[in-house]
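Dear colleague,

Please find below the structure that I am handing over to you. My findings follow directly after it.

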Amino acid sequence: MIRSMTAFARRDVQDAQGTLTCEIRTVNHRYLEPSFRLPEALRELENPFREELRKQLKRGKVDVSIRLQSNETDIPGFEINEEVAQAVNDAANHVNRMLDNPAHINALDILRWPGVLSVREQDYSSAREAALELFRETVAELVEVRAREGERLRPVFEDRLTRMSELVATVREALPGLLEAQEEQLRERFRKAQVELDPERIAQEMVMLAQKTDVAEELDRLEAHISEVADTLGRDEAIGRRLDFLMQELNREANTLSSKSIDAAVTRAAVDLKVLIEQMREQVQNIE
C-alpha cells in the first residue's frame with residue numbers, strides 16, 4: 001500500500017472539564033519527527049503520544065496540537081492563607097508606625113504577597129484519559145488519510161512504469177538495425193577514403209563498436225528495476241526509502257544508456273526515460 005506523508009486530521013470531544021480538540025498535520029521528512037503543542041494540564045501525556053506515533057507512522061514531520069477549552073462554569077477556586085495574610089498586615093502596620101508619612105496598605109497588596117493567595121489545584125485525570133483516547137482516534141484517522149492520499153498516486157506510477165517499459169522494449173527492438181546501420185556507415189567511410197575494404201578490419205571495428213555501444217545489460221537492469229518498483233508498490237509496509245533507492249538505480253541506467261547511444265532515437269528514449277524517472281522521484285519524496 002502506498003501511504004503519503006502529507007495529511008491532516010482533526011477531532012473533537014466533549015469532556016466534563018470542557019472541549020478537547022486534537023489536530024495533527026504531517027509533511028514529508030526523512031525520519032519521524034514529531035512536535036507537540038499541549039496545554040500544561042496535558043503535558044505529561046507527551047511521551048505516551050510519542051509512543052503511539054511510533055507504532056502507527058514510520059516517517060514524516062508531525063505537528064500535534066491539542067487544545068482544552070474549559071467550560072464557562074469551570075472557574076478555578078482561590079485559597080487564601082489567612083495566617084500569612086495576617087502576618088503581612090501586622091508587619092506592614094508595624095513598619096507604618098515607624099514612618100513619618102506611612103503609606104496605606106490595601107487588600108491587593110496583601111494578596112500579591114507570595115504564599116497568601118493560591119489557586120486550588122484541579123483534577124485533570126478525566127481530561128487526560130479523554131485526551132489519550134482522542135489522540136489515538138485522530139492518529140487512526142490520519143493513517144487512513146495518508147493511505148487514501150497515497151493510493152491516489154498509484155495510477156501515476158503505473159502510467160510511468162508502463163511508458164518506461166515501452167521505451168525499453170522499443171530500444172531493444174531497434175538495436176540490431178542500429179548496429180547494421182553503423183556497419184554500413186563504417187563501410188561508406190572506408191569507400192570515401194578509398195581504403196581497401198578488408199573484411200577482417202571491418203569485423204574488428206564492428207566488434208569494438210558493438211562492445212562500446214552494447215546496452216543490453218542496461219536494458220536488462222532497467223527492466224528488472226521497473227519490475228521491482230511495481231512489486232514494491234504492492235507491499236503493505238513503508239516503501240518510500242526503497243522506492244527512492246530504485247529511482248537512483250533507474251536514473252543511473254538511463255544515464256549510461258544515453259552515454260552509449262549511437263543513434264538519435266536511442267538518445268531521445270534515454271531522455272524520455274529520465275523525464276519519467278524524475279516525475280516518479282518527485283512523488284516518491286512524499287511517500288512514507
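In which helix is L161 found? The residue lies in helix α5, which covers residues 154-192. Please bear in mind that this is a predicted model.

Is L161 buried or exposed? Its relative accessibility is 6%, and because buried means under 20%, L161 counts as buried. Setting aside neighbours within four places in sequence, L161 is in contact with I226, V229, A230, L233 and M280.

Turning to the chain as a whole, the protein has nine helices and six strands. It comprises 288 residues, of which 34% count as buried. The accessible surface comes to about 17,400 Å², and carbon and sulfur atoms account for 49% of that area. Among contacts between residues at least 6 apart in sequence, 77% join residues at least 24 apart.

Four strands form an open sheet with mixed pairing, in the order β1-β2-β4-β3. At its edges are β1 (7-15) and β3 (32-37), each of which pairs on one side only. On average, neighbouring strands of this sheet are turned by 15° against each other, direction ignored. Strand β2 (residues 18-27) pairs with β1 in the antiparallel sense, over nine bridges. Within that strand, L20 is the bridge partner of V13.

Two helices are to be mentioned together with the sheet. Helix α1 (residues 46-56) packs on the sheet and touches β3 and β4 (60-70); the direction of α1 makes about 145° with that of β3. Helix α4 (residues 125-151) lies across β1, β2, β3 and β4, and runs at about 155° to β1.

Finally, I examined helix α8, which consists of the 20 residues 240-259.

With kind regards

Methods
Residues numbered from 1 in each chain as written. Predicted model: local features only at pLDDT ≥ 70, side-chain atom pairs only at ≥ 80, totals over all residues. Heavy atoms only, no water. Expected span 1.5 Å × (residues − 1). Pairing = 2+ DSSP bridges. Axes fitted to C-alpha atoms, helices over the stretch in contact; angles between N-to-C directions. Contact = heavy atoms within 4.5 Å. Buried < 20%, exposed > 50% of the residue type's maximum accessible area, 1.4 Å probe, protein only. Areas by Shrake-Rupley, 256 points an atom, 1.4 Å probe, with all protein chains shown as cover.
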